[in-house]
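Work through the exercises below with the sequence and the structure side by side. Each task is followed by a solution in steps.

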Amino acid sequence: NGFVYNLVDGFFRLVVFFSYLWLITRWSEMKRVFQYHGAEHKSVYAFEAGKALTVENAKRFSTLHPRCGTAFILVVLLMSILFFAVVFPLVPVLSGSAGFMKQVAAIFMKVLFIFPIAGLAYEIIKFSSKNMDRRLVRLAVLPGLWMQRLTTREPRDDQLEVALAALRSAVEGQGRVAGGVV
């Protein structure tokens, strides 16, 4: 049936995605990329805490952040699996026909609906990061944080300097400061 088919299809997409992430963690050159990713998160945490953007301040923070793009991708994947499993079986063109045109229609609809799904996922990530004091929100965010264990590593001081310099440049361009000192 269409519901089960779309759930199984979504499960395989998750397997492919997690396998890809796991495989690239084995690539030695990606370790450096993941350290910069961790440095980015530490820098953002320091900024959000109102601390001066220094290596010493940033070091105190976690490499895992609730508004991470990695967590966003996971939310988009999960929402699209659920959405397509529920909606596709209800669409007559997709449930009753077969062949090439059915595939074209399915691809077109998936591309069309990914934009509102991504927009909703963005709002969910934004909401969750502002409500981390709520227990259910913290629990809901955990899978995204766990996934970041694959995509972030503890950065070196020089990598933190680069992340902090980039953040300083971005906030100065917006006329904002962290902790009174940028």
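**Exercise 1.** State in which hand helix 4 passes helix 7, and describe how the two helices pack.

Solution. Helices here are DSSP runs of H or I with at least four residues, numbered from the N terminus. The model is predicted, so local features need pLDDT of at least 70 and side-chain atom pairs pLDDT 80 or more, while totals for chains, interfaces and linings use all residues. Residues are numbered from 1 along each chain as its sequence is written, and side-chain values use heavy atoms, without hydrogens and water.

Step 1: the angle is about 125° and the axes are 8 Å apart (axes are lines fitted to C-alpha atoms over the stretch in contact, and angles run from 0 to 180 degrees between N-to-C directions). Helix 4 is therefore oblique to helix 7 (under 35 degrees is roughly parallel, over 145 roughly antiparallel, 65 to 115 roughly perpendicular, and the rest oblique).

Step 2: T70, A71 and L74 of helix 4 touch P143, G144, M147, Q148 and T151 of helix 7 (contact means heavy atoms within 4.5 Å). Four of these contact residues are nonpolar, four are polar and none is charged (Ala, Val, Leu, Ile, Met, Phe, Trp, Tyr, Cys and Pro are nonpolar, Asp, Glu, Lys and Arg charged, and the others, Gly among them, polar).

**Exercise 2.** Which residues of helix 1 and helix 7 meet?

Solution. Step 1: the axes of helix 1 (residues 2-25) and helix 7 come within 9 Å and cross at roughly 35°.

Step 1: F17, F18, L21 and T25 in helix 1 face M147, L150 and T151 in helix 7. The contact has five nonpolar, two polar and no charged residues.

**Exercise 3.** Describe the second largest pocket by its volume and its lining.

Solution. Step 1: the pocket holds about 250 Å³ of space. A pocket is an open set of points on a 1 Å grid over the protein atoms alone, where a 1.4 Å probe fits, with protein on both sides within 12 Å along at least five of seven lines; lining residues have an atom within 4 Å of a point. Points are joined across faces, edges and corners, and the volume is the space filled by probe spheres set on them.

Step 1: the lining has 15 residues, with V75, I124, I125, A140 and V141 nearest the centre. Of the lining residues, 13 are nonpolar, two are polar and none is charged.

Terms used. Left-handed = near helix turned anticlockwise from the far one by under 90°.
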